[in-house]
Each structure stands twice: as C-alpha cells, then as structure tokens.
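Dear colleague,

Please find below the structure that I am handing over to you, followed by an account of what was found in it.

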Amino acid sequence: MKSKWRLYTAIGLMIFFLIGHTIGSLTRKDLKLENSIQTLHAMETTFVELPSGLSDHSVDEFYQGMSFSLDASILLVIGLLIICLTDEQLQSRSKGKLLLFVIFWTTSISVLSFLYIFPVPAFTCLICAVLLTLEWYMVQFSPKNV
C-alpha cells in the first residue's frame, strides 16, 4: 500500500493556512493602536488611481480583494492536492506535473511570506513544499515508475 501521509499532511497544512488567513482577513480591522486606526481610515477613504482615472474602489477594498484572491488560490491548491491523493487513475507523469505546480506555488508563497508578511504562513508553506518535493521524488523515481 502506498504511503499517502505526505499528501494528507500537505492538505492539512493548506487548510490550516486557509483558516488562518481567512480569520486574519476578517479580523484585520480590529485595531487598538491609534496609528493603525488612522492608516486603516486613510485606506478606506483613498481611492486607487488607475491609468484611466480614479477607481470606484478604495485602497482598503483592493486590499480585501487581494486577500480573497489568495483564499481562492489556496482552495485551488487544496483541490489539486485532493486530486493527487484520491484519483487512482491519475498517471504518475500527470501527478508529477500537478505536484510541481503546487511545489512552485507553496515555495513562492513561502518566500513572499518570509519577505513581507510573517513566519507562520512562511513556515507552513515551506514545510508543505518540502513534503510535496519528497512526494514528487517518490512519484518520479519509485521503482515501478522507472
């Protein structure tokens, strides 16, 4: 029987990331510091300048939209991992390609999180990328696939 613990763990890490990011997005306006409150107010009242003129959306709305976009991409990654886990008809070459895509995504989010955000999502995605790299190696170089 094939070991699927790496994929189960990666899915769990991505669900953890999704829940944490969603909670963070929904509670980001619960501020106490005066500087933070003033910054949020400026974001809510400043409209985004586009080449064609001012947008109908504030900087805060753009920020929230980008946050929802990340949530959607995390859901996509979870879906791809579930396909890799459950589809017994998936050829190892196709599974390897899906895994490479997810490895690239998790590595990119990890690097960006280390640079711009904070360590929890960075380490979550880094651990996920390592597990998926091991899984990719097992898929590509297991004796039955060589």
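**Aromatic pairs**

At a relative accessibility of 48%, Tyr137 counts as partly exposed, a class that lies between buried (under 20% relative accessible area) and exposed (over 50%), computed with a 1.4 Å probe on protein chains only. The model is a predicted one, in which local features need pLDDT of at least 70 and side-chain atom pairs count only at pLDDT 80 or more, whereas totals for chains, interfaces and linings use all residues. Residues are numbered from 1 along each chain as its sequence is written, and side-chain values rest on heavy atoms, with hydrogens and water left out.

Phe114 is partly exposed at 42% relative accessibility, and Phe123 is partly exposed with a relative accessible area of 44%.

Tyr137 pairs with Phe141 in a tilted arrangement, with 5.0 Å from centre to centre and 45° between the planes. Why are Tyr137 and Phe141 separated by about one helical turn? The reason is that they are four residues apart in helix α5 (residues 119-141); helices (H or I, at least four residues) and strands (E, at least two) are DSSP runs, numbered from the N terminus. Phe141 counts as partly exposed, its relative accessibility being 46%. Through ring pairs, Trp136, Tyr137 and Phe141 are linked into a cluster.

**Salt bridges**

Side chains of opposite charge can pair when their charged atoms come close. The structure holds six salt bridges, each defined as a side-chain nitrogen of Lys or Arg within 4 Å of a carboxyl oxygen of Asp or Glu.

In one of them, Arg6 meets Glu135 at 2.9 Å, N to O. Arg6 belongs to helix α1 (residues 5-26) and Glu135 to helix α5, so this pair ties together parts that are 129 residues apart in sequence. Arg6 counts as buried at 11% relative accessibility, and Glu135 is buried with a relative accessible area of 5%.

Glu135 also meets the side chain of Lys95 in a salt bridge (3.4 Å, N to O). That pair links distant parts of the chain, with Lys95 in helix α4 and Glu135 in helix α5, 40 residues apart. Lys95 is counted as buried, at 10% relative accessibility.

Within it, Arg28 forms a salt bridge with Asp60, the closest N and O atoms being 2.6 Å apart. Because Arg28 lies in the loop between α1 and α2 (34-45) and Asp60 in helix α3, the pair ties together parts that are 32 residues apart in sequence. Arg28 is buried, with a relative accessible area of 18%, and Asp60 counts as buried at 6% relative accessibility.

**Packing of α3 and α4**

Two packed helices are described by the angle between their axes and the distance between the axes. Helix α3 (residues 59-86) packs with helix α4 (residues 92-116) at an angle of about 150°, their axes being 10 Å apart; axes are lines fitted to C-alpha atoms over the stretch in contact, and angles run from 0 to 180 degrees between N-to-C directions. The crossing of α3 and α4 is left-handed, the term for a near helix turned anticlockwise from the far one by less than a right angle.

On the α3 side, the contact (heavy atoms within 4.5 Å) is made by Leu70, Ser73, Ile74, Val77, Leu80, Leu81, Ile83 and Cys84. Lys95, Leu98, Leu99, Phe101, Val102, Trp105 and Ile109 contribute from α4. The residues of this contact divide into 13 nonpolar, one polar and one charged.

**Serines of strand β2**

Ser55 lies in strand β2 (residues 53-58) and is buried, with a relative accessible area of 10%. Leaving aside neighbours within four places in sequence, Ser55 contacts Phe47, Val48, Leu50 and Phe62. Ser58 has its place in strand β2 and is buried at a relative accessible area of 4%. With neighbours within four places in sequence left aside, Ser58 is in contact with Met43, Glu44, Thr46, Phe47 and Val48.

Yours sincerely

How values were computed:
Nonpolar A, V, L, I, M, F, W, Y, C, P; charged D, E, K, R; others polar. Phe/Tyr/Trp six-rings, centres within 6.5 Å; stacked < 30°, edge-to-face > 60°.
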